[in-house]
Number of protein chains: 2
Amino acid sequence: MTVNAERFLEDLHTLRSFGAAGVGKGVVRPAYSEADIAARRWLAGRMQEAGLRVQFDPVGNLFGLAEGPSLLMGSHSDSQPEGGWLDGALGVIAALEIARSSDRPVSVVSFQDEEGRFGVTTGSAIWSGHLPLAEADRLTDHAGVPFAAARAAMTDLAGGFVDPARFSGFVEMHIEQGPTLDTEGGQIGVVTDIVGIRDMVITFAGQQNHAGTTPMHLRRDAFQALAAFNAQINDRFRNVVTPRTVWTIGHVSLHPNASSIVPGRVSFSMQWRDGDTERLARMEEIIRQTAAEVAEARGMALSYGPMLGLEPVAMDGRLRMALEQGAESVAPGRWRTMPSGALHDATNVSRLMPVAMLFVPSIGGISHDFAEDTDEADLVAGLRVLDHAVAALGRVNE
Amino acid sequence: MTVNAERFLEDLHTLRSFGAAGVGKGVVRPAYSEADIAARRWLAGRMQEAGLRVQFDPVGNLFGLAEGPSLLMGSHSDSQPEGGWLDGALGVIAALEIARSSDRPVSVVSFQDEEGRFGVTTGSAIWSGHLPLAEADRLTDHAGVPFAAARAAMTDLAGGFVDPARFSGFVEMHIEQGPTLDTEGGQIGVVTDIVGIRDMVITFAGQQNHAGTTPMHLRRDAFQALAAFNAQINDRFRNVVTPRTVWTIGHVSLHPNASSIVPGRVSFSMQWRDGDTERLARMEEIIRQTAAEVAEARGMALSYGPMLGLEPVAMDGRLRMALEQGAESVAPGRWRTMPSGALHDATNVSRLMPVAMLFVPSIGGISHDFAEDTDEADLVAGLRVLDHAVAALGRVNE
């Protein structure tokens, strides 16, 4: 049996109808919302029709299980508070289409709360053992709702956790959520690795003062310290980073944040991402040394919040090669290898089994927005690559 | 009669007892609070004892009027939400002591809400005609209380507005609220001018994006635009400013202000102060040109809020010379001329009559803080300079 592109696109549009909102193809389907649970019930029905055994686990991760050992494919079907129709949904419906058309055993998963209403990739983090369930239950969303209360809405569906040993690997198809493929006119990206992340809050404390009576040379202005730090790391990173490295100061909190007062304190986020653990560590050294120098030179007290870190994850060579062969068959000259700058469920699943990922373009690089979209020809191309890869993996196994 | 330093200090400490709070000599006596109104009632009694005719005006400015034409002296007796014992209070009690000891006609004023619960130097702004009463009545404090409701608490005291034509000039003594005198070991500062202020909000709007998937060279990061703007104006101001010029970015609002998102928009305050209107205008040119260049180079939309401006105010030559002669008599070698970087009631009063100001040191340059203080010997030196000046002005008039 071959994949049915029409059925695949139809199911993708049907999934969008759960929580369809906003302009264009927008979706509002956050984890555990009515729309999310209704979508999962519908998905479970489609899985059953495909001959898969449905199992919800205690946190709402939805599995459609093939009999015996199988390859796991999928992604997530919850959305951002204001999201698009493809982020996560694409990988789930593509997996469903492969499972029902392939003659190899393929299981399907839709992880819960990948978008992090309660943290980061919550459902797969729990399943992979990275986040203990008791700890997760104490997490709350922005409205103060505890995770335990949210997941209780799915109690009637919940079974046990699925044993990961039944899967030989995990393949996740996803939109790129960045501009690389779209800019180059590429159709397929085979992911080499998911970059690692470091994230911490840095605080400079100087001296709050009257903005009229304090001469410039006597100021210990926390904003000026931040500006100096920013300029220096931009300069010092130059010979350390690659074109794929990114770093961001995305959050700034100035105190007392008044136009007539020399700011006495600033706390800001410093986040950096790269595929190489050693480069991440070298950047951390530069950040800490630069912050210390700026603090010393400007009479600032310096402090750091805890450093949050996720290690880079390399994709499995065998799974990745199958995807590359598929890409070469389906989109010759229009595919490339590339790292994933965003986190995905595959990061967590890599703790349990070999993983690989496939990207299709995001128009204008836009995601986490109602305007998120991809040409349907590219969606189908991605599906066909998965189909080829699964067939190739089957042949190797036989 | 000569000034009585003991009585002066005693009254200053008594005034502190209204709203005494916090560590050290802290005071909590915001405009129209119970402590503020009680302090004004007490002050009115002291004025009467000094032979002055008490008149509250409709907004709570308290005058102690000498008979016939007189020199007006004073400041304000309201405090910051967390203030010190001298900011404003010193000028009022010093004026009281001069009025009761001098044989020249001296009237005393304590303006209301100099600290700006409802704006900036509210009481003197209304009295000087700069702020229409009907407009002021619509202002609200941070808790949403309208000015009209706050001043109603003083209705039983209120008379009409005092005719400014009865005053030949205004002299205000104040703590410096900056570090200049304290750093140099100076005892007296004779103010040359109160600097002008320009203040506006600038907004850069770029493109909000995923901090993991957006390569550095494709970002339109609003925080980086702010940092570039800041570095360039610091550089370009170099050949324009004097050692007395100050400029401050004290408020920064980043959107969406999240560590994993490239900031799409920043609004920030740009405030600059100088005694020279032309320099203020030259700085504005540099600011606008730099912001436009940064916006152009980084693909940002640029917008400005309204520019708030207060013109520099030069002190009256005759009044100032009397203060300088007094300073030379009382503190030879320990006085200097200097601009005022802070706003004062004298800025408003200058619309009505000649004004002059006298500073005494602030220990550590600290003000608007419970820790605000001045050596009592310096307070008395300031009082004696006023005494000399009033006597000298009397001699000239005779």
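**Exercise 1. In which loop of chain A is A:Asp87 found?**

Before the solution, note that this is a predicted model, in which local features need pLDDT of at least 70 and side-chain atom pairs count only at pLDDT 80 or more, while totals for chains, interfaces and linings use all residues. Residues are numbered from 1 along each chain as its sequence is written, chains are lettered from A in the order in which they are written, and side-chain values use heavy atoms, with hydrogens and water left out.

Solution. A:Asp87 lies in the loop between β3 (70–76) and α3 (89–101) of chain A, where helices (H or I, at least four residues) and strands (E, at least two) are DSSP runs numbered from the N terminus. The confidence of the chain can then be consulted: chain A has a mean pLDDT of 95, with 99% of its residues at 70 or more, pLDDT being the predictor's confidence in each residue, from 0 to 100. For the model, the scores are ipTM 0.84 and pTM 0.84.

**Exercise 2. Work out how the residues of the annotated binding site are arranged.**

Solution. Start from the record: UniProt, in an unreviewed entry, places the feature "binding site" at A:His76, A:Asp87 and A:His174. These residues span 99 residues in sequence, yet no two of their C-alpha atoms are more than 9.7 Å apart, so they gather at one spot. UniProt annotations may be inferred rather than shown by experiment.

Next, take the accessibilities, for which buried means under 20% relative accessible area, exposed over 50%, and partly exposed in between (1.4 Å probe, protein chains only). A:Asp87 is buried at 6%, and A:His174, which belongs to strand β5 (residues 167–175) of chain A, is buried at 1%.

Then examine the contacts (heavy atoms within 4.5 Å). Not counting residues up to four places away in sequence, A:Asp87 touches several residues, including A:His76, A:Glu115, A:His174 and A:Glu372; under that exclusion, the residues touched by A:His174 include A:His76, A:Asp87, A:His344 and A:Phe359.

Finally, look for polar contacts, each a pair of N or O atoms within 3.5 Å; within protein, one must be able to donate a hydrogen and the other to accept it, and residues adjacent in sequence count only if both atoms are side-chain atoms. The side chain of A:Asp87 forms one of 3.3 Å with that of A:His76, and one of 3.0 Å joins the side chains of A:His174 and A:Asp87.

**Exercise 3. Describe the interface of chain A and chain B.**

Solution. Begin with its extent: 42 residues of chain A contact 42 residues of chain B. The two chains bury about 3500 Å² between them, 54% of it on carbon and sulfur atoms, buried area being the accessible area (1.4 Å probe) that two parts lose on being put together, summed over both. A:Thr213, A:Phe223 and A:Ser259 supply 15% of the area that chain A buries against chain B, more than any other three residues.

Continue with the polar part, where 20 residue pairs are in polar contact across the interface (both at pLDDT 80 or more), whereas the count of salt bridges is zero, a salt bridge being a side-chain nitrogen of Lys or Arg within 4 Å of a carboxyl oxygen of Asp or Glu.

Last, assign the elements: those giving two or more residues to the side of chain A that touches chain B are α8 (222–236), β9 (246–248), β10 (252–255), β11 (261–262) and β12 (265–274) of chain A. Of these, α8(A) gives the most, with six residues.
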